[in-house]
Amino acid sequence: MIDQIRVRNVFGGISVIGFKSCDQGREKFQGSSLDFVWFDEEPPQDVYEECRMRVLDKKGDIFGTMTPLKGLTFIHDEIYLNKKNNKEVWYEFMEWADNPYLDKEEVCTLTESLSDDQLESRRYGRFKHSSGLVYPEFDENVHVLKNPFNIPKEWQDTISIDPGFNNPLSAHWYCVDYDGNVYVVAESYEAGKDVAYHSEKIHQISNQLGWKRDSRGRLNALIDSAANQRTLSGSKSVTELFYDYGIIANPKVNKDTFSGIQRVKQFLKINNGKPKIYIFPSCVNLIRELKSYRWGEGESPIKKDDHSLDELRYYIMTKPENLPPKKEKTQIQKDKERLIRNIMNERKN
């Protein structure tokens, strides 16, 4: 069995390529200083973490090619969901059709013999959930805009907030074009902060976006109706506190979970190659929650990691629409209307 290959590189030095098996255990991966690690299939987490230490001093890279057959492993959380928002983490999905060397007839034969669940993992490389995704319609390649653009000010609609203190406060900025397509253009998502901090952050992001304000410089937002409850101090509600900081938060939102989910699904559904909602890539927590939100027992989703999805529902349930501004009437149209009014008045007299 070959465990090492030594080759002369283009710089005249010697490069060493080593081969190890994950079933040898973490200890066999200790000690080496590496430029590059490539996993073939999913590694155990302890081996993966050890290899991260091996590339640390040389600022090396770790790659992997794998078919996710082990369920929701740490690879699902750390790479696919990227829960730590590590900017150095990225992934690509590939399927059988991307391999030009596979015989098409063989691919068709094998496809017909596999169940839908098996195809999700084996053909498309998607993670299989033990319970179904709430939003299987979500496709990162379709709904997340690769090239965000400057949204026209006329499309700006409102901010939606799901408040939290120990839990994250989630806020997103929503726009609607004249065809009724929704754009989620910015995100604020942070836990363990008070209303003063969140208000400052919301104002800061709004300033960066050039977001619309009322004549007194205040922002308008939707918010969970629970924000009307008094805080622990008993003095003011969260809604009132936001108002003190220049954010008029409307708590009259439709919180029906099932109806809200169905309406979000309508916006995610792809018709004629296009959905009705697009998300800017900076909204990393909304994207992560859409990818991981799952049904629990019965007809209810698992109440976990859904703060962004809650306020997305509040917004979508407002039936967002944006009618194009009325065109200024021409002088001929105005004269014609005046003439018709005069005729009608003469008939009345």
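**Overall shape and one histidine**

Q: Among contacts between residues at least 6 apart in sequence, what share joins residues at least 24 apart?
A: A contact here means heavy atoms within 4.5 Å. Among contacts in the protein chain between residues at least 6 apart, the share joining residues at least 24 apart is 62%.

A quick note on the ground rules: this is a predicted model, where local features need pLDDT of at least 70, side-chain atom pairs count only at pLDDT 80 or more, and totals for chains, interfaces and linings use all residues. Residues are numbered from 1 along each chain as its sequence is written, and side-chain values use heavy atoms, with hydrogens and water left out.

Q: Is His198 buried or exposed?
A: Buried means under 20% relative accessible area, exposed over 50%, and partly exposed in between (1.4 Å probe, protein chains only). His198 has 1% relative accessibility, so the label is buried.

Q: Which residues is His198 in contact with, leaving aside its neighbours within four places in sequence?
A: His198 is found in helix H6, residues 195-209; helices are DSSP runs (H or I, at least four residues), numbered from the N terminus. With those sequence neighbours left aside, its contacts are Gly164, Leu169, Glu190 and Lys193.

Q: What part of the 349 residues in the protein chain is buried?
A: The under 20% cut-off is applied again here. Buried residues make up 37%.

Key
Helix = DSSP H or I, 4+ residues; strand = E, 2+ residues; numbered from the N terminus.
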